[in-house]
Amino acid sequence: MDLGIAGKWALVCGASKGLGYGCALSLAREGVNLVINARTPGPLAEAAQRIGDESGVTVVAVACDITTQSGRDEALSACPQVDILVTNAGGPPPGDFRKFTRDDWIRALDANMLAPIELIKATVDPMIERRFGRIVNVTSGAVKAPMHILGLSNGARSGLTGFVAGLARTTVSHNVTINNLLPGFHDTDRVRSVIGAQAKAQGISYEDAIRQRIATIPAGRIGDPWEFGQACAFLCSAQAGWITGQNLLIDGGAYPGTF
Ligand code: NAP
């Protein structure tokens with residue numbers, strides 16, 4: 001299927017690896033020019049080179065912290081126009097909520113709620129004027145199925161989800177959609193380090209810890225960031241103009257509920 005977005009410009013945040021990289025690569029394969037962002041310059045430059053070489057689109061790398069206003073300004077100013085926005089950043093650490101300080105909460109809110117909202121604020125009105133815009137926020141399966149040790153993530157991402165639910169209904173008549181993608185358990189550096197820590201805590205091997213996790217996924221395997229990126233590209237397609245305010249789980253069936 002031709003997604004009808006060749007030649008458009010996307011800002012994809014947190015895209016040197018993992019799910020953000022998957023989203024950037026899938027958009028590039030559709031002919032979308034990119035500004036990609038992450039904090040560490042080396043891996044980001046390599047990612048930009050790889051994506052550009054493979055797809056032939058223009059890929060601009062902006063190394064900055066997207067949770068800061070100066071970082072967002074830098075990333076936004078590198079993009080001739082933002083037709084597609086993919087918000088993403090690292091997730092907050094797990095822990096017992098009794099030990100979280102106010103500063104921990106502020107950091108989580110900055111990364112996983114306020115940064116996406118600020119990026120949307122900066123881009124949505126020009127999208128409305130041009131009568132095309134696609135915004136995808138990378139959130140988490142934990143929004144629908146919270147885990148108690150991920151209190152910072154559950155709280156901050158739920159705030160973003162509630163905000164998007166309201167805004168997404170006001171932009172869709174202008175062909176500007178806003179949706180959230182909720183990853184389950186994907187094969188990324190972040191997940192590998194979380195599983196490594198769990199294996200150590202339980203005194204089991206990394207392979208056994210992975211097997212335990214996979215046993216909870218009806219698909220019987222861990223997700224590929226490429227699959228995640230493909231779902232993102234479809235939500236950004238010309239054809240997806242009637243999909244807005246949705247929370248789409250990409251989790252191999254792990255979420256057990258009807259709704
Ligand atoms: P990852 O493999 O660690 O990749 C994260 C990417 O974001 C990297 O490119 C990282 O590069 C960049 N990044 C992190 N913080 C940033 C910041 N402040 N500003 C700019 N770039 C930043 O993580 P992932 O697994 O793809 O996860 C992406 C998001 O999905 C996270 O919020 C995570 O909590 C959530 N999630 C993932 C899964 C999963 O299965 N993978 C499941 C549920 C939720 P730098 O470190 O160089 O900045």
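**View 1. A search of the whole structure finds 0 disulfides, a disulfide being a pair of cysteine sulfur atoms within 2.5 Å.** The model is a predicted one, in which local features need pLDDT of at least 70 and side-chain atom pairs count only at pLDDT 80 or more, while totals for chains, interfaces and linings use all residues. Residues are numbered from 1 along each chain as its sequence is written, and side-chain values use heavy atoms, with hydrogens and water left out.

**View 2. Surroundings of C232.** For C232, the closest cysteine sulfur is that of C23, at 3.6 Å, again too far for a bond. C232 is buried, its relative accessible area being 0%.

**View 3. The cavity found in the whole structure.** The search returns 1 cavity of 30 Å³ or more, where a cavity is a set of points, on a 1 Å grid over the protein atoms alone, at which a 1.4 Å probe fits but cannot get out. The largest cavity has a volume of about 80 Å³, a volume being the space filled by probe spheres set on the points, which are joined across faces, edges and corners.

**View 4. Lining of the largest cavity.** Its lining (residues with an atom within 4 Å of a point) comprises 13 residues, with T87, N88, A89, A111 and P116 nearest the centre of the cavity.

Note on methods: Buried means under 20% relative accessible area, exposed over 50%, partly exposed in between (1.4 Å probe, protein chains only). On a 1 Å grid over the protein atoms alone, a cavity is a set of points where a 1.4 Å probe fits but cannot get out, and a pocket is an open set with protein on both sides within 12 Å along at least five of seven lines; lining residues have an atom within 4 Å of a point.
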